[in-house]
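My notes follow in the order I looked things up.

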Number of protein chains: 4
Amino acid sequence: MLKVGIIGATGYVGAELIRLLLNHSKVTIEAISSISYEGEEISSIYKNFYGVTNLICENQEEVIEKCDVIFAALPHGLSEEIAELVNKNNKILIDLGADFRLNNEYEYERWYGKKFLYKNLHKSSIYALPEHNREKIKEHKIIANPGCYPTSIELGLMPLLKNSLIKLDNIICDSKSGATGAGRGLTLKSHYAELNENFSPYGIGSHRHIPEIEQCLSDIAEEEVKITFTPHLLPINRGILSTIYCTPNKEVNIKEIHKLYCDFYKNESFINVLELGDIASIKDVKYTNNCNISLHLNHRGDGLIIVSTIDNMIKGAAGQAIQNMNIILGLKETEGLKLVATCN
Amino acid sequence: MLKVGIIGATGYVGAELIRLLLNHSKVTIEAISSISYEGEEISSIYKNFYGVTNLICENQEEVIEKCDVIFAALPHGLSEEIAELVNKNNKILIDLGADFRLNNEYEYERWYGKKFLYKNLHKSSIYALPEHNREKIKEHKIIANPGCYPTSIELGLMPLLKNSLIKLDNIICDSKSGATGAGRGLTLKSHYAELNENFSPYGIGSHRHIPEIEQCLSDIAEEEVKITFTPHLLPINRGILSTIYCTPNKEVNIKEIHKLYCDFYKNESFINVLELGDIASIKDVKYTNNCNISLHLNHRGDGLIIVSTIDNMIKGAAGQAIQNMNIILGLKETEGLKLVATCN
Amino acid sequence: MLKVGIIGATGYVGAELIRLLLNHSKVTIEAISSISYEGEEISSIYKNFYGVTNLICENQEEVIEKCDVIFAALPHGLSEEIAELVNKNNKILIDLGADFRLNNEYEYERWYGKKFLYKNLHKSSIYALPEHNREKIKEHKIIANPGCYPTSIELGLMPLLKNSLIKLDNIICDSKSGATGAGRGLTLKSHYAELNENFSPYGIGSHRHIPEIEQCLSDIAEEEVKITFTPHLLPINRGILSTIYCTPNKEVNIKEIHKLYCDFYKNESFINVLELGDIASIKDVKYTNNCNISLHLNHRGDGLIIVSTIDNMIKGAAGQAIQNMNIILGLKETEGLKLVATCN
Amino acid sequence: MLKVGIIGATGYVGAELIRLLLNHSKVTIEAISSISYEGEEISSIYKNFYGVTNLICENQEEVIEKCDVIFAALPHGLSEEIAELVNKNNKILIDLGADFRLNNEYEYERWYGKKFLYKNLHKSSIYALPEHNREKIKEHKIIANPGCYPTSIELGLMPLLKNSLIKLDNIICDSKSGATGAGRGLTLKSHYAELNENFSPYGIGSHRHIPEIEQCLSDIAEEEVKITFTPHLLPINRGILSTIYCTPNKEVNIKEIHKLYCDFYKNESFINVLELGDIASIKDVKYTNNCNISLHLNHRGDGLIIVSTIDNMIKGAAGQAIQNMNIILGLKETEGLKLVATCN
């Protein structure tokens with residue numbers, strides 16, 4: 001059994017990695033770390049692990065030393081040093097933070113306020129969206145796992161962009177996310193009595209997923225893509241639904257578009273293109289690594305609406321990270337990820 | 001005290017009218033009707049009225065006979081006959097249904113599948129959005145109260161359209177509504193275990209508010225306005241938030257746009273234009289007749305994003321209906337509607 | 001207009017006091033204070049007050065100086081010094097905290113870990129549950145407003161205790177409260193993703209409302225009453241529902257008990273004794289100062305079950321405080337409190 | 001692979017059986033049935049099964065004919081005929097309804113309003129709570145799977161009753177359940193806008209789980225046990241938490257009680273006795289077959305409070321049914337049921 005470790009194990013994404021990896025038959029969680037909870041059992045922090053695992057939070061260095069594959073689930077800005085250490089030890093890093101997502105240092109500085117620390121590591125890392133660049137991922141050892149919103153949007157638009165079917169100057173991405181996306185850190189915005197029975201956008205025009213989405217979409221289209229992106233906070237625990245508005249280059253036949261999507265994704269285990277008439281909803285992908293996509297026209301028939309939905313904690317974070325690990329290790333891509341959504 | 005009556009009193013909108021009118025100091029609820037519950041006390045149907053009112057559901061004819069102003073809160077298709085009767089009796093009808101919202105019979109038939117029954121009544125009726133056409137409303141006795149989604153969108157766009165500041169060929173309206181908007185009728189979509197922890201769009205390209213929105217926006221702009229409208233169902237009870245995307249005709253200065261909105265709405269009791277930097281949220285308007293509007297630019301600065309939020313049951317239905325009644329009766333527009341949102 | 005002030009205005013209870021007092025026709029809010037937000041507008045902290053009030057947070061001394069009636073909505077341990085100052089200035093204090101609720105200093109020390117600071121003030125203060133001791137309240141100037149859980153339980157049991165109808169050695173009080181009861185302070189327990197879709201008891205055997213409930217019930221019964229009290233946290237914003245189990249002294253006739261309750265509360269504006277067969281629910285009292293009570297037998301007919309429900313923020317805090325103020329000032333008890341619950 | 005079938009596959013419990021059995025490595029779902037949806041794919045009814053299974057609803061007879069083990073998830077009153085047919089075919093029936101839960105025909109008639117149809121089948125059936133009577137279950141072919149509330153209460157009290165430590169004349173069981181417990185059938189009580197932000201008890205003194213609980217507790221205690229049971233409906237999807245109040249026979253040492261529970265359940269895979277000081281909560285068992293139990297004293301130390309929590313759809317229905325199947329088939333009891341609760 002291959003040994004994997006998790007740095008930042010006590011955040012929501014770290015805990016989800018533990019939960020999913022406990023059911024992975026080819027790897028074993030050898031070590032986990034947490035700065036805030038070093039020395040404590042994970043089952044005393046997350047009671048759902050009571051009776052399930054005895055893992056104790058160690059420090060980062062121990063995790064890197066003991067494991068072959070290291071997952072880092074940390075706030076941005078903390079992964080570069082880890083990557084340097086992992087790299088020296090010739091191990092594999094799957095980074096769920098933002099440090100290696102942007103290729104352009106200028107953009108990184110603009111949106112994150114700091115420069116690249118180890119430029120060479122950035123060159124040898126890859127933004128790993130399996131459905132887009134699976135083959136290239138295999139050759140890398142520093143993996144930038146995509147953000148949650150970007151995953152939903154990039155998968156939703158990929159077939160159109162690869163086939164140059166839409167205008168690229170202003171794709172509207174109106175996204176809505178459950179509360180786990182905001183993490184375990186206490187904020188007034190995530191205080192129960194504030195978020196419950198409430199709904200609103202945030203970070204309009206300033207959310208750090210914007211450059212990531214534009215970079216990946218441009219990479220897919222092989223041309224500059226411009227978006228408008230508005231994230232909203234939903235009073236639910238999990239799930240992202242992105243409603244994407246774009247304008248076709250020429251007259252649209254929705255059945256052809258639908259066929260294109262079905263063909264494009266026909267070998268993908270985690271992508272469901274719904275039948276025409278059906279509408280994607282968060283419930284049907286919750287607790288899975290799936291992305292459900294439905295396709296629609298506006299009432300005049302001159303605008304395309306794509307609805308793309310994922311579980312932000314799984315396909316939008318921990319699940320996709322495991323999918324990327326499976327790819328790198330040459331395992332079956334669905335290993336540990338054959339999850340069926342609950343009916344309710 | 002003027003006598004008012006409510007036809008369709010046992011639906012959510014009817015019950016909300018009762019609740020609000022009980023606190024109105026210039027009118028008294030003289031009679032209510034319900035087909036399903038004729039003869040029953042409203043307080044046995046809605047327990048929140050226990051000890052508050054002894055109103056008993058009668059039939060429509062009695063309501064019309066006894067009252068000076070009649071509110072109709074019915075599914076579409078049932079108000080025309082009522083209007084005919086109200087008109088004959090020379091009384092006032094405020095219709096919260098869709099029967100009198102569309103001026104164009106062709107459009108009405110296209111979206112609602114039926115023709116106008118009494119064409120003359122349609123001519124003498126008015127689509128009554130006070131902030132748009134307050135003066136004209138005063139002269140009418142058949143009032144089409146705007147739909148909930150349309151209200152949020154029309155108020156959000158009015159200052160831009162009146163000043164010809166944006167392109168009219170495709171305004172994107174991404175709207176989200178709480179569950180009361182779907183009414184009290186039982187459906188799987190509104191079954192608790194189905195909607196809770198879920199989120200998705202519905203009626204894409206086919207929602208009947210589309211022609212209403214386009215008609216009103218075109219009326220405001222005095223030019224044809226085309227929209228793409230996608231409604232979504234939120235797992236909350238009340239509130240609508242519309243995120244509206246439009247493209248300025250010329251370079252945008254957000255401060256000027258903000259000033260324009262503030263000036264435009266400065267005498268309006270129910271419209272709050274938030275300060276730049278603030279973002280409208282459902283919580284702040286819940287249980288009020290207010291519409292809160294916030295203004296934003298996308299990250300490139302070339303796209304405008306307007307966030308407009310109302311309580312779908314109040315400014316989106318019962319509250320606006322009372323506002324319209326106040327206007328017609330020459331009362332203070334805020335009478336019975338000085339509602340302060342709860343903090344939680 | 002009498003001048004009232006609120007110390008601790010930026011907590012949930014303080015904000016609810018503002019909201020309710022803004023609609024009170026006989027008093028005006030002259031000043032508010034907050035340690036954390038001194039100098040800030042309340043409408044910048046609670047956006048629902050935007051456009052409604054321009055009140056600015058001052059300091060405590062200013063509030064006491066400017067106002068005739070002072071409400072204190074503070075964590076326990078902070079009200080005694082305020083009471084001393086209010087007393088010296090011969091004004092009225094309505095304390096929504098716990099400092100003056102327990103008469104017995106030994107009990108206070110046992111549960112709160114500190115002694116009385118000003119013993120004489122405790123003697124001249126009163127635990128003010130209007131339905132129990134309305135007449136006495138009028139003579140006092142330091143008012144201990146009851147806790148939220150205690151209010152629901154005391155009102156639920158009063159008619160039985162006054163008539164010596166039940167055993168007093170172990171009344172089971174199983175109470176459930178919405179999240180606002182835990183306040184605005186950030187805790188993991190109130191973090192959205194933790195509380196949502198969750199439910200559990202807390203403070204079993206140790207909640208500080210226990211001695212308060214036992215003291216008041218014993219005072220009502222004029223004999224020692226022993227309870228077992230378990231509070232639970234509900235994933236809703238507002239409302240408390242207490243399910244109370246007690247054993248009759250003799251054979252029970254539920255119709256007689258029901259008649260007893262109806263007679264006992266027949267002159268009370270805020271207490272609704274539901275008809276036999278109906279069951280009290282939180283929804284029907286939310287956003288009101290009401291307490292709804294329903295009466296039941298267990299399946300053997302030998303045990304009484306009382307369901308008592310209030311809005312924890314209103315009858316359980318701000319509303320009852322205003323009711324107490326009305327009593328002291330000789331105003332109509334319902335002034336500012338004629339609130340109708342929403343249907344949803 | 002053994003063939004299993006599900007009759008009543010389109011209710012919530014039936015669908016949960018499908019979801020769980022799809023991950024069972026020793027059995028395969030051979031057929032499912034539904035009266036309402038005969039001929040339809042399950043994935044068109046529950047979209048979460050899209051791309052996961054092609055099962056089509058057949059009729060009952062086909063399910064019985066094709067399968068070795070038949071699960072029936074039907075409203076009460078429909079299982080006896082199925083049992084007769086299964087019995088004739090010498091197959092195994094695991095009934096998730098109430099038809100075989102009560103041994104006493106008089107009680108059955110009192111609570112369900114009908115007599116036993118096949119008395120001999122009742123004699124050869126067993127009420128199957130594995131932690132109570134695992135060995136006996138193995139010898140039976142008609143299995144009455146316990147109800148959801150009863151499971152939580154029986155597991156919570158078993159160690160006390162087996163050791164005669166508490167008074168049996170009136171154990172108070174205050175239970176709270178999520179909305180899935182009410183099923184998929186549309187009712188006003190489960191309408192989103194009615195249940196959301198609401199909470200109340202129902203079926204006080206009349207819920208049909210009462211005789212089941214008293215029968216099983218009496219069977220465990222080998223003496224008549226009397227309870228008072230009050231179920232409440234929680235605004236969450238899943239989970240039951242029962243707060244159980246009982247009085248010890250003699251002075252209580254909570255540490256000894258705790259040790260007793262730990263010892264009693266030490267070999268049980270699905271029962272977690274929490275450490276003293278911890279409190280059971282629904283979140284920690286959601287989506288698992290576990291029952292978490294925490295033990296508490298009231299503030300006087302003379303009353304025991306047991307908090308017992310399960311997922312009503314799993315340990316309270318589908319999971320326990322699979323556990324019972326595993327027992328009968330001689331499989332590992334945890335097969336298909338190694339589920340880890342999500343952190344949120």
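**Entry 1: symmetry.** I laid chain B on chain D in this predicted model. The RMSD came to 0.0 Å, with a turn of 180° and a shift of 0.0 Å along the axis. The two copies are therefore related as by a two-fold rotation axis. Which residue of chain B comes closest to the rotation axis? I found Tyr192(B), with its C-alpha at 2.1 Å.

**Entry 2: the shared surface.** I then checked the interface residues of chain B. I found that 100% of them are also interface residues in chain D, so the copies meet through the same surface.

Entry 3: Rolling a probe the size of a water molecule over the atoms shows where empty space is left. I counted 5 cavities of 30 Å³ or more.

**Entry 4: the largest cavity.** I noted a volume of about 90 Å³ for the largest cavity. Its lining has 17 residues. Which of them lie nearest its centre? I wrote down Asn196(A), Asn196(B), Asn196(C), Tyr192(D) and Asn196(D). By class, I sorted the lining of the largest cavity into 9 nonpolar, 4 polar and 4 charged residues.

**Entry 5: the second largest cavity.** I noted about 50 Å³ of space in the second largest cavity. By class, I sorted the lining of the second largest cavity into 2 nonpolar, 2 polar and 5 charged residues.

Methods. Residues numbered from 1 in each chain as written. Chains lettered and ligands numbered in written order. Predicted model: local features only at pLDDT ≥ 70, side-chain atom pairs only at ≥ 80, totals over all residues. Heavy atoms only, no water. 1 Å grid on protein atoms, 1.4 Å probe; cavity = no way out; pocket = protein on both sides within 12 Å on 5 of 7 lines; lining within 4 Å. Points joined across faces, edges and corners; volume = space filled by probe spheres on them. Nonpolar A, V, L, I, M, F, W, Y, C, P; charged D, E, K, R; others polar. Least-squares fit on C-alpha atoms with pLDDT ≥ 70 in both. Contact = heavy atoms within 4.5 Å.
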